[in-house]
Amino acid sequence: MSSHSSKRRKISPENDDTSENPTRPMSMTRSANEAGNGLPGKQQSMKSKNGSRSSSNGVSAEVAFTGGLYKSSFFKLQMDELLTDLRPNYEKQGSRAHEILHKLKEIIENLAEKPPQSIVEAEKELQSAHGVAVPFPNPRPSKDAKYLLAYSKPANVNVVGSFALRTGVRDADCSTIDLAVTMPDSLFQEKDYVNYRYFYKRAYYVACIAAGIREAKDLDHQVKFEQQDGDSLRPVIVLEPTKDHGSSMRVRIITAIDNTVFPISRTLPMKNNIRQGALVADAGEDSSTATMFYNAALRSDASVAQYHKVLYLATTKCTSFRDACILGRTWLRQRGFGSSFHQGGFGGFEWAIMMALLFEGGGPNGKPVLLPSYSSYQLFKAMVQFITAKDFTKPLTFFNSEAVLPHGQPILYDGKRGLNLLYKMTLSSYTVLRHEAGVTLRMLNESRDDNFERVFILKVDEPLLRFDRVISIRLPLNGDTLQSVHHQTSVHKVLLRALGDRVKLVSISGQCIQPWSVGKRYVVNKESNVINVGLIVHSENSMRVVDHGPLAEEKEETASFRSFWGDKSELRRFKDGSILESLVWSDGPSAPSIIYQIVTYVLHRHFNLAEEDMVFVGDEYDEKLRLVGDGTFSYSDPSFQQISNAFHSLERSFHNMEDIPLTIKQLLPASPLLRYAALQTSSSSGSRRDPMDIVLQFESSGRWPDDLSAIQMTKVAFLVKIGEFMETSGAAVSTQVGVENDGTTILNTAFLDILHTSGLAFRLRIHHDREQTLLERELKGKSNSSRSKGDLAYALSTYKRIFVQAPRLTQAIRNLCTRFPLLSPTMRLVKHWFNCHLLTAHFSEEVIELLTVRTFTQPYPWEAPSSVMAGFFRTLHFISRWDWQEEPAIVNLGGGLDQSTVDVIKNKFSAWRCVDPAMNTVALFAASDLDIDGVTWTQYGMPPKVVAARLSSLAKAAMKLLKAERSGLDLEELFDTSMAPYDFVIRLNPTVLRSRSSSSTKFKNLTGLSKESYRPSTIIVSFVQELQSCFGNSVLLFQGDEQSTHIAGLWNPQMANPKPWSLKVSYSTIPRSYIDPTNQDKDTVSINRGAILNEIARLGENLIQSIDVRSQDSEDK
């Protein structure tokens, strides 16, 4: 049987409003000379040699896979389709860009020269005559500066960047073209590289060009300033199309200088080129400190033409280079990286340059890392592997440069051009990049899944999905990039030292300044003053209460420790006799998390920040769980440990039983409470919860009867005998044999309720594996009727669920909870989300647990979550993207999920969709390596497809809210469900529920009945089950847990249409003419919704407070 067909994937958009990808692009062809000088000429009809081919150069998928060029043939096909969708339509764009680029070049080259003027006169003249404000970087130049500002005709004007080289990616919003204006050497003096002089002259030059373009006619574009790559030292001009223009093309005019204007020796990374006291203070630097960012920003302008040539030569050398650039740019963009300092300082340009340089060196003894014969996939994977394996905090140098380079920050130094390519990266952003590269490399090396979607399609930079804790810090910033670099570096250094091994990663990022009008100075808004911190927590260490510092004898280390921690540090003697500097944090029930305590303390101590200056996101999800989960958080909390200890005590009692004719093989837990997955450990009324399911299995024996009915009677005898032993041995306070499924002999008919001495109740069932063989034999019998076969199939499914899969699932999740400490609380919070949205009645707890487990055991494109918040949101993220109609959910539950198991599961899923295309029996298919059938917990309409669709829409709404609000998200909005989609809502009377659960019975013959029958959960479930049995064909009901006070309902749409009256109508009806007097057909009837609601009210009596009906139903009421 063929596997189910896969769908075409599209890249996750930046926001939910992104339209679908346009039609497939055609390549824009240009001659080699045009590509070299960067200005588009007239379009040629012949096919481009390098720009329009796929990465395989026509090689088939099978041949490419066999030759090792791609991960798999299917991976290669997906990559080819992705590249086709991502390549811009250069022919179409080039024809539109040709006119405006030539017009801009003509305008710039014909601008009148301006004679040298003082700074005050030059700025005043531009403002008064042209209405343009010079975008001087901070600190602004002194009014009495001795140097002069002037404007001269540029040396040349060329198109550079991804548009000219055809290495860009199609942008859904607006494509950008870079136009480089090379400033003449005559404008600069020998010492202009110091004290911002070059950048002041550059700003004036940019303002003069902006003035000329602004006054030009026939340019239907808005002229604005923006910071080049988030660098306040280098403002540039951007021309954005007006709304009426209809173009999606954006032109960015950047500046360049000849590489000989300033010697490389003057701008080496370790040089200090900000030497005046006031300027140094504004930059956040010490007078003796190397101005690495400043020097690199200046050298970057001097290498524009050189790097354009390097990239062009790489495209001619390697035919796969362009496609590898597209893949790299896409991978970076999906992870939030870009060339801007505020986006991590590593974007498509840095990726392309690094790849081009690796064709020339970077390996051992300076040998090339990459070969021109590599396919685009090989280039991409080699780049990811290089980023992962190479530690750039130990500087990597190309072309044998002898420059002195610092350690401890990312450096990839190009000695020939004198530039550190990673100068816009902080240690924080480099750590994040390397982390993402490591995760991606593991995905690419995984043999079971190709992970194509997770590598290239999914947008994975959402902070609340990416990090375990998110902190927003408000600092007094003025938009100066040097100051921002200093603050971000300082915050990262302090947090990294304070948190230590409690965290795996500390991410620091800022907000970029938006483009501003050329007639104004840029204004720093509130968002630009915020630094965002993301923490990936080490779950095993994050809750540690005591931190050990240096020994008291280590004077220097002790002084440093006390200087950093202040009064928080204290000297303590420990049991082993050692005397250490120590930190003690609060772990009380009402105390905030230890991570929160550390962060707020060190930020206040080192940056004088109050708690009001910080927004800390993550702890509230832990508090929410404690609030709704009886104050229990972890599987190691006393509530769960008491349950686990009681089970182990009961297990020992079973193994000590005497006078039992068979040897006990094992006692297995099979309850959510015993696998740490139950939301509450006690009921809301304070009484004990439902008994916990356990399964007893004896060693194999031939003394069992070979008849299903006789087996059930034998089980009853065993249960009676076990109950007597438990009571006489003192292992149980009381026992009671119960009956279930009493109308059949093919299902389990008896259980034993055991009230343990700890006060906890267990429900014991006996597992005999011969039952499965007998049921399968009966099911294969040809003499059975279709109804009998249905009953046997249901009995076999129930047997597997109760006696096989439930114990397996429980044991697997118990093991996983010890491996992933945050799994238990995440499962419980996800269950609460299901409760709040009234989905509990339609989903077994096991399905919810499986979906949550998948987040931890198959975490890609992230690592396994180390917080409840991350686990909760990633589970909803998977549900929102899960196309359950076309795809099964496959969970690696026991660690044995391999490709053959996945293939078997997919075949079973395809078989179910062929047998049940309408999905009336199975809507969701949730399988695992321990349960390849996939329908154990979802068969027989659990849930119905309309409820599954409701789940998807709720998860998508939650993700949309998350992306819109981010760290400002109100937690309660996620758990507040809307009643608008339902046709009616039954509001329950909480007073009656409380009074029934606590009142004593008034009938003497019922005094021995357990109070379990009066618990709110029992009452609500019984009431809903009664309504479904009476009106199941007409109504679909939704309910939460015992704390929910609403039951919502939908009318069956198939019952809405009028039908001829007959005796076979199975629901209450009313003549159509009664509703619509114009209808003359007296034999046509409609569903009598009012009568059904009145009957529901009668059945509920005092339990129902009111029934709210949507307006369109009022006519039937």
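Modeller: Let's go from the whole chain to a few single sites, bearing in mind that this is a predicted model.

Biologist: Okay, now contacts. Among those with a separation of 6 or more, what percentage is between residues 24 or more positions apart?
Modeller: For the protein chain, that figure is 71%.

Biologist: Let's zoom in on charge. Which residues make up the patch of positive charge on the surface?
Modeller: Lys191, Arg266, Lys271 and Arg275 gather there. Arg266 sits in the loop that runs between β7 (249–256) and α8 (277–283).

Biologist: Nice. And which residues form the negative surface patch?
Modeller: Glu553, Glu554, Glu556 and Glu557 form that one. Glu554 belongs to the loop between β15 (546–551) and α18 (555–565), and at 34% relative accessibility Glu554 counts as partly exposed.

Biologist: Switching topic: where is Tyr601?
Modeller: You'll find Tyr601 in helix α19, which spans residues 594–607. Its relative accessibility is 23%, so Tyr601 counts as partly exposed.

Biologist: Leaving out residues up to four places away in sequence, what does Tyr601 touch?
Modeller: Tyr601 touches Trp565, Gly566, Asp567 and Lys568. Taking Lys568 from that list, there are 33 residues along the chain from Tyr601 to Lys568, and their C-alpha atoms are separated by 9.0 Å.

Biologist: One more site, please. Is His842 buried or exposed?
Modeller: His842 is buried, because its relative accessibility is 7% and the buried class is anything under 20%.

Biologist: Which part of the chain holds His842?
Modeller: His842 lies in a loop, the one between α25 (823–836) and α26 (845–857).

Biologist: And which residues does His842 touch, again not counting those up to four places away in sequence?
Modeller: There are contacts with Met942, Pro943, Pro944 and Val947, and also with Leu1036, Leu1037 and Phe1038.

Biologist: Great, thanks for the tour!

Note on methods. Residues numbered from 1 in each chain as written. Predicted model: local features only at pLDDT ≥ 70, side-chain atom pairs only at ≥ 80, totals over all residues. Heavy atoms only, no water. Patch = residues over 30% accessible without salt bridge, like charges linked within 9 Å, V, L, I, M, F, W, Y side chains within 5 Å. Areas by Shrake-Rupley, 256 points an atom, 1.4 Å probe, with all protein chains shown as cover. Salt bridge = Lys/Arg side-chain N within 4 Å of Asp/Glu carboxyl O. Lys, Arg positive; Asp, Glu negative; His and termini not counted. Charge placed at Lys NZ, Arg CZ, Asp CG, Glu CD. Helix = DSSP H or I, 4+ residues; strand = E, 2+ residues; numbered from the N terminus. Contact = heavy atoms within 4.5 Å. Buried < 20%, exposed > 50% of the residue type's maximum accessible area, 1.4 Å probe, protein only.
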